[in-house]
Amino acid sequence: MAELIIFSLLNGLVYGLLLFMLSSGLTLIFSMMGVLNFAHASIYMLGAYLAYSISSVVGYWPGLIIAPVIAGIFGALVERYGLRNVHKFGHVAELIFTFGLAFLIEEFVQLLWGKQNLDYREPEILAVPLFTLFDSTFPAYKAFMLLVSVGIFVALLIVLTRSRVGLIINAAITHPNMVGMLGHNVPLVFMGVFGVGSALAGLAGVIAGPVLGTFPGMAVALGPIVFVVIVIGGLGSLIGAFVASLLIGFLQTFAVAIDYSFGDLFTFIGMTLDSQSAISDLYTVTIAQLGPILPYLLLVLMLIFRPTGLFGTREV
Amino acid sequence: MSNVASAMSTSANGSIVRRNAVWLIAILVVIGLPFIFSGGVAIAVLNQMGIAIIFTLAYNMMLGQGGMLSFGHAVYFGLGGYFAIHFLNIMSSGSFVLPLIFVPIAGAVAGLAFGMLFGSFSTNRAGTVFAMISLGIGEMIASSSLIFTKFSGGEEGITADRTEAMPLFGLNFAQEIQVYYMIGGWMILATWLMYRFSRTPVGRLANAVRDNPERAEFVGYSQKHVRFMSFAISGMFAGVAGALFAVNYEIVTEETVNALTSGVVLLQAYIGGIGLFFGPIVGAVVFTLLQTLLSNYTEIWALYVGIVFVATVMYAPFGLSGLIAMHVPVLQAGRLGSLLMPYVKIGVPAVVCGLGLIGLMELFHFTGDRAVGESEKELFGYVFNVDTATPWVLFGVLMVGGFILAKRMGPAVFEIWQEATNFDNSGDNK
């Protein structure tokens with residue numbers, strides 16, 4: 001049991017911090033421009049694919065830097081030449097634009113790299129177990145992921161709360177017109193935030209690719225979860241995104257580890273259940289199987305009862 | 001877009017005979033189509049089209065007419081399909097007898113019930129909150145369909161045999177053509193009902209709530225209630241489409257409730273145009289044709305559909321039907337001729353750009369999964385050697401050059417367009 005709890009905690013932490021790397025950019029973009037960027041997870045995928053191609057030529061480490069930079073430039077271009085043109089048609093059109101873009105990126109990735117899973121691996125030096133506890137090993141690469149994500153979190157926090165750029169960004173989130181009046185180039189700030197957010201998503205892809213797999217469905221698998229995170233955390237709140245990322249990370253890893261069903265509960269209190277009846281699925285399903293549903297259930301409940309999220313001040 | 005609005009109102013204010021003429025023509029077209037396109041494949045495509053039309057129209061009741069962007073409308077389509085196929089299986093087992101053509105009612109009831117259930121809490125607000133809740137519900141139901149396999153059959157799905165239902169006038173629906181007429185009949189009925197709904201006070205209020213919810217509240221209507229009505233009825237018609245899907249394919253799998261199906265219906269509605277009632281029909285027809293015909297020529301058809309979609313969002317937000325409707329007043333004023341030359345000027349570079357794009361995409365696709373030693377690819381009737389730079393440079397230049405030229409023509413064409421649509425001086429505007 002102790003083994004299960006410790007490793008679920010560690011894995012939840014790794015997964016949660018990865019989610020944070022994606023959600024931090026997304027929540028900033030959303031609170032600034034009011035656009036839920038459906039293509040955010042696609043840029044995460046793009047990051048992993050780019051890193052794969054780069055790493056097969058010059059090795060893993062240059063890819064760690066180059067791929068996020070390309071992803072960031074790509075994101076900035078999308079904002080400048082795509083989103084800004086669609087802006088005049090309203091938020092719904094912007095949402096649909098990013099949705100279409102996500103669809104397009106997935107098709108492009110399949111066009112360029114094929115439909116199969118890519119053999120994108122962690123560097124040799126990190127492909128070793130870090131420590132062994134109760135017969136289970138914790139890979140060094142996951143520790144590296146932890147380190148990178150924590151580093152990003154700290155860096156973001158410092159930039160946003162302690163620097164002049166952070167001050168302007170924070171002001172542009174709530175009062176874009178006023179910031180413009182004061183002589184700052186707000187569209188440039190938007191483009192910059194979009195670019196940096198995309199670069200973070202790309203970086204998440206680079207470090208997650210070897211663990212979660214590099215395949216055309218990786219954006220669809222993670223994208224909706226990231227939305228869940230930013231809604232639960234509250235829009236524009238970096239702390240909220242952080243807490244919600246960890247919450248969802250733990251929720252999913254612990255759910256996978258719990259192999260009990262509601263039927264077990266009923267049997268425990270002395271009821272007998274017919275395992276052949278038509279509704280038997282309802283009580284034979286285990287918590288582990290329900291794992292994928294839980295975040296979305298949380299999302300819907302949160303939007304109904306507390307649309308501002310845990311730490312947000314504004315409604316969606 | 002005032003031109004579109006005026007075009008709509010003139011057609012709506014026509015005499016009763018003229019208004020019904022549209023439906024008579026539609027019925028004749030549905031009856032006549034199989035005589036023109038009689039092959040088995042053609043009938044299958046037409047069936048798919050009919051189902052897509054109902055589903056997309058139902059979707060647009062929310063997006064176009066109610067201003068609710070849903071990312072999970074496959075829920076009502078898929079659940080309608082599941083309930084219909086279970087209903088069909090119960091009928092086949094002989095518990096009670098009913099002709100096959102009534103199966104869509106089961107789908108309608110299921111769609112309506114789930115529409116009311118989920119609509120009851122998701123329609124409080126429109127916009128992003130609504131979109132997120134619909135996404136959450138969509139993902140929940142899609143994941144559930146893989147978990148609760150007694151009901152959904154998981155990835156294998158639930159199958160049925162439509163011929164075991166009670167025969168109607170000796171018809172047992174073993175042939176595709178019989179199913180075609182069943183779908184056609186339901187399509188006309190559903191389309192007519194949805195059109196009538198959009199003309200009722202509730203349908204009009206849905207437009208009002210879409211455009212200005214606050215003002216609708218001040219006039220005394222609950223925006224939530226109005227949205228709820230649109231939502232539930234949209235769910236009902238999506239359920240009808242799902243049931244017809246179940247009847248047509250005799251199988252319903254988790255694919256019918258998943259995010260891809262939800263996405264495709266959004267694509268169809270948007271490409272067709274969400275501003276007009278008939279827009280989604282155009283979208284459903286065009287998309288089905290692209291999906292079925294284009295896929296014969298190229299494996300990367302979905303990529304082209306995606307490009308068309310993004311281009312629509314960026315440059316023609318009112319879709320194909322919007323583009324057509326924009327030209328109706330120009331045509332009536334007899335000024336279409338003045339637009340011809342500018343259209344050629346912008347159209348030719350645009351087509352060149354498109355050709356270059358297609359060429360490049362096909363080259364990428366070819367080099368991606370070719371066999372070893374294979375280096376010749378036939379495109380547009382010419383054979384290119386993909387290992388040389390020639391085709392890449394050629395198509396690249398075509399694409400970039402065409403794009404720059406078309407972009408440069410843009411402002412001039414727009415000016416002429418504005419001149420042609422300026423009716424203020426001619427006095428035929430009120």
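Let us start at one residue of this predicted model: setting aside its neighbours within four places in sequence, A:L310 is in contact with A:I232, A:G233, A:G234, A:G240, A:V243 and A:A244. You will find A:L310 in the segment that follows helix 14 (294–305) of chain A. Is A:L310 buried or exposed, or something in between? There are 17 other C-beta atoms within 10 Å of A:L310, so it is partly exposed; being buried would take 20 or more. For a sense of scale, pick out A:L126 as well: A:L310 and A:L126 are separated by 184 residues in sequence, and their C-alpha atoms are 36 Å apart in space.

Now step back to chain A as a whole. Its secondary structure consists of 14 helices and two strands. The C-alpha trace of chain A spans about 70 × 50 × 40 Å along its principal axes. How does the radius of gyration of chain A fit with that of a compact globule? The value for chain A is 21 Å, which agrees with the radius near 20 Å that a compact globule of 316 residues would have. Of those 316 residues, 46% are buried. If you take the contacts in chain A between residues at least 6 apart in sequence, 75% of them join residues at least 24 apart.

The mean pLDDT of chain A is 83, and 91% of its residues score at least 70. Among the elements of chain A, helix 2 (residues 40–58) has the highest mean pLDDT, 90, while helix 12 (residues 281–284) has the lowest, 66.

Chain B comes next, with 17 helices and four strands. Its radius of gyration is 24 Å, close to the 22 Å that the globule rule gives for 430 residues, so chain B is as compact as a globular protein of that length. The C-alpha trace of chain B spans about 70 × 65 × 45 Å along its principal axes. Residues that count as buried make up 43% of the 430 in chain B. For contacts between residues at least 6 apart in sequence, 79% of those in chain B join residues at least 24 apart. The domain assignment divides chain B into domain 1 (2–302) and domain 2 (333–420), and the C-alpha centres of these two domains of chain B lie 35 Å apart.

Strand 3 (residues 376–379) and strand 4 (residues 382–385) of chain B run antiparallel and are joined by four bridges. Most residues other than glycine have a negative phi.

The other spot is B:E250, a residue other than glycine whose phi is also positive, near 60°. Where does B:E250 lie in chain B? It is in the loop between helix 11 (223–249) and strand 2 (251–252) of chain B. Because B:E250 has 16 C-beta neighbours inside 10 Å, it counts as partly exposed.

As for confidence, chain B averages a pLDDT of 84, with 93% of its residues scoring at least 70. Where pLDDT is low, the predicted coordinates should not be read in detail.

Finally, bring the two chains together. The predictor gives the complex an ipTM of 0.84 and a pTM of 0.86. The contact involves 40 residues from chain A and 38 residues from chain B. On the side of chain B that touches chain A, the elements giving two or more residues are helix 6 (127–147), helix 7 (149–152), helix 12 (259–272), helix 14 (301–315) and helix 16 (336–368) of chain B. Which of these helices gives the largest share? Helix 6 of chain B does, with 14 residues. By residue class, the side of chain B that touches chain A has 25 nonpolar, ten polar and three charged residues.

Terms used
Residues numbered from 1 in each chain as written. Chains lettered and ligands numbered in written order. Predicted model: local features only at pLDDT ≥ 70, side-chain atom pairs only at ≥ 80, totals over all residues. Pairing = 2+ DSSP bridges. Domains from an automatic or database assignment. Rg over C-alpha atoms; globule rule 2.2 N^0.38 Å. Buried ≥ 20, exposed ≤ 12 C-beta atoms within 10 Å, placed from the backbone. Contact = placed C-beta atoms within 7 Å. Nonpolar A, V, L, I, M, F, W, Y, C, P; charged D, E, K, R; others polar. pLDDT = per-residue confidence, 0-100.
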